[in-house]
Amino acid sequence: MATLKACVQKMRNDGFYPVYIRVTHNRTTQYIKTDKMVTRRELSKGKDITDPVVLQFCMKLILDFNARLNMVDTRGWTARMVVDYLQRVDEDLCFSDYARRHIGGMIDAGQERNARNYQLALQHLERFMGTTRVKFSQLTSATVAKWIRSLEQTSRAKEMYPVCMRQVFRAATVELNDYDTGVIRVKTNPWVKVKIPHADCPEKRAISAEACRRFFSAALPESKMRSPLPELGRDVAMMVLCLAGINTVDLYNLRKVDYHGGIIHYRRAKTRKFRADGAYMEMRVPEIIKPLFEKYASAAGSEWLFNFHERHSSSDSFCANVNSGIKKICESMGMRKEDWYCVYTFRHTWGTVAQNDCGAGIDEVAFGMNHSAGHKVTRGYIRIDFTPAWELNERVVDFIMFSDHASKQAVREEESGVFRLSPKMLIKAAAFFRGKCLASFEDIGCSNIDEVIARLVAELPSEIPPRCIVQFKIVNCDNGKVAVYERQKGKGF
């Protein structure tokens with residue numbers, strides 16, 4: 001056990017002696033300075049403190065220090081370690097400062113895009129707390145739960161932001177707490193009692209091949225700019241679609257050395273840090289977009305494949321401008337704002353058309369889109385041949401750009417439309433109660449559903465009890481569509 005005693009050392013120039021707590025442990029000595037002072041009058045001949053007020057203060061401090069040391073095993077400590085523990089044990093550490101260091105470490109490790117999510121989460125937490133110096137002690141379960149509730153209206157951030165901050169908190173407990181010696185600087189863990197909600201399932205962004213054809217054949221909005229955004233948006237969307245849904249960040253980062261023999265070689269930025277194969281991919285460039293490669297070629301002395309770096313400061317800026325251009329085209333096409341496309345629409349579309357209209361399996365689509373597959377061990381054994389992905393990409397491009405075949409998605413969208421009638425259509429209708437057909441007819445002349453149901457109701461027997469449900473099945477004999485309706489006696493008929 002460490003020995004603690006109030007003492008003084010050297011006299012200052014003004015004649016006062018600063019008071020220290022001397023810590024002796026394992027034949028080493030350190031001192032903890034207090035805010036008390038004494039003069040020569042309050043010292044004995046042996047320089048022991050005689051002032052009762054200072055002695056009382058120091059005794060309380062020593063009792064407190066001893067109580068703290070009794071809670072840990074100090075047998076292997078030095079006096080320096082004891083002093084560090086006593087001085088830091090009550091220090092209120094700043095979570096914001098630690099989080100910024102953690103995010104800086106992620107950036108140094110090459111995780112810039114992931115670090116940006118952590119930065120956004122920290123900024124939102126600081127805005128909620130009203131300070132840029134959030135303390136660990138402020139992050140109680142109740143406070144964190146209120147912060148998460150403030151994110152309820154978001155679709156993705158309500159899960160991503162808390163998960164990011166929880167990871168920072170866990171890293172802090174590992175780094176700052178020494179469980180071997182019992183030095184616990186982060187004493188609470190609010191995440192034990194907090195439930196993080198799941199992000200909303202993202203809406204499927206894929207569009208049909210017919211919609212793709214309309215988009216790429218649409219007239220570009222007029223512009224006085226030499227390089228208007230709609231033109232950039234259309235061209236990049238074409239490259240994304242025709243390169244198996246490549247991400248814009250990977251297009252932006254392509255270098256001249258990555259393109260040779262008509263093939264681009266790249267590592268997917270989103271997952272290269274987390275996959276054993278570095279998310280490596282080779283994709284043959286289809287003939288349809290080779291003119292775009294020439295159109296956006298960088299200057300002779302540049303290392304980059306495209307000139308996107310000359311107009312855009314970062315991959316995020318590039319993606320934002322591409323999306324703006326795509327939305328301007330959608331607006332000029334008269335589309336509703338909620339239906340406007342983004343560049344990711346064409347990545348989703350490639351995968352959907354490949355599976356639905358080109359007969360590819362899920363594994364083939366994942367391989368072509370450079371997704372992490374479940375065959376991690378096998379991928380480490382073999383030298384991968386990317387030819388199947390090239391062939392699938394060619395089939396997708398041919399189906400969308402060089403055919404007028406109806407896509408399955410467009411057929412399903414048409415079939416899921418509103419059931420409509422006209423007097424010229426041949427209608428076959430029947431009314432069922434408890435599975436028995438009580439009335440039916442096959443005729444033309446009905447303009448809407450209500451007319452068909454009214455005609456069947458006139459033939460129903462009067463014995464059907466009130467408030468019972470009757471099913472009405474209507475078949476449009478011209479197009480084969482079927483619709484079923486229910487009505488309650490006394491309310492619906």
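# Briefing: helices, strands and spaces in a predicted model

Ser-208 sits in the loop between helix 6 and helix 7 (209–217). The model is predicted. Ser-208 is buried, because its relative accessible area is 5%, under the 20% cut-off. In sequence, Ser-208 and Ile-400 are 192 residues apart, yet their C-alpha atoms are 9.0 Å apart in space. Ile-400 is itself one of the buried residues of helix 16, and that helix is taken up below.

**Helix 16**

- Helix 16 covers residues 387–401, 15 residues in all.
- At 1.5 Å a residue it should span 21 Å, and its end C-alpha atoms are 21 Å apart, so the two values agree.
- Its buried residues are Ala-389, Trp-390, Leu-392, Asn-393, Val-396, Val-397, Phe-399 and Ile-400.

**Helix 13**

- Helix 13 runs over residues 343–356.
- Its 14 residues should span 20 Å at 1.5 Å a residue, and the end C-alpha atoms are 20 Å apart, which agrees.
- Of the 14 residues, 10 are buried, so the helix is largely enclosed by the rest of the structure.
- The buried set holds Val-343, Thr-345, Phe-346, Arg-347, Thr-349, Trp-350, Gly-351, Val-353, Ala-354 and Asn-356.
- Helix 13 is also one of the helices that supply at least two residues to the lining of the largest pocket.

**Helix 4 and Glu-126**

- Buried here are Ala-115, Tyr-118, Ala-121, Leu-122, His-124, Leu-125 and Glu-126.
- They pack against helix 3 (95–108), helix 5 (141–149) and helix 6.
- Glu-126 belongs to helix 4 (residues 112–129).
- Glu-126 counts as buried because its relative accessibility is 8%.
- Leaving aside residues up to four places away in sequence, Glu-126 touches Ser-96, Arg-100, Thr-131, Thr-132 and Val-134.
- Just after the helix, Gly-130 takes a positive phi of about 75°.

**Cavity and pocket**

- A probe the size of a water molecule, rolled over the atoms, shows where empty space is left.
- The count comes to one cavity of 30 Å³ or more.
- The largest cavity holds about 30 Å³ of space.
- Its lining is Phe-95, Leu-125, Leu-139, Val-144, Trp-147, Met-165 and Trp-191.
- That lining divides into seven nonpolar residues, no polar and no charged.
- Leu-125, in this lining, is also among the buried residues of helix 4.
- The largest pocket holds about 1600 Å³.
- The pocket is lined by 47 residues; Arg-113, Arg-116, Asn-247, Lys-270 and Tyr-344 lie nearest its centre.
- The pocket lining divides into 17 nonpolar, 17 polar and 13 charged residues.
- Helix 4, helix 6 (157–176), helix 9 (248–252), helix 12 (315–332) and helix 13 each supply at least two lining residues.

- Three strands form an open sheet in the order 4-5-6, with antiparallel pairing.
- Strand 4 (259–260) and strand 6 (280–284) are the edge strands, each pairing on one side only.
- Five bridges join strand 5 (residues 263–267) to strand 6 in the antiparallel sense.
- Ile-263 stands opposite Arg-284 in strand 6.

- Strand 9 (residues 469–476) has a covered face of Val-470, Phe-472, Ile-474 and Asn-476.
- Its uncovered face carries Ile-469, Gln-471, Lys-473 and Val-475.
- Strand 7 (residues 427–433) runs antiparallel to strand 9, joined by six bridges.
- Phe-432 has Gln-471 in strand 9 as its bridge partner.
- Strand 10 (residues 482–488) pairs with strand 9 in the antiparallel sense over seven bridges.
- Phe-472 stands opposite Tyr-485 in strand 10.
- The hairpin of strand 9 and strand 10 has five residues between the strands, and Gly-480 there takes a positive phi near 80°.

Terms used
Residues numbered from 1 in each chain as written. Predicted model: local features only at pLDDT ≥ 70, side-chain atom pairs only at ≥ 80, totals over all residues. Heavy atoms only, no water. Helix = DSSP H or I, 4+ residues; strand = E, 2+ residues; numbered from the N terminus. Expected span 1.5 Å × (residues − 1). Buried < 20%, exposed > 50% of the residue type's maximum accessible area, 1.4 Å probe, protein only. Contact = heavy atoms within 4.5 Å. 1 Å grid on protein atoms, 1.4 Å probe; cavity = no way out; pocket = protein on both sides within 12 Å on 5 of 7 lines; lining within 4 Å. Points joined across faces, edges and corners; volume = space filled by probe spheres on them. Nonpolar A, V, L, I, M, F, W, Y, C, P; charged D, E, K, R; others polar. Pairing = 2+ DSSP bridges.
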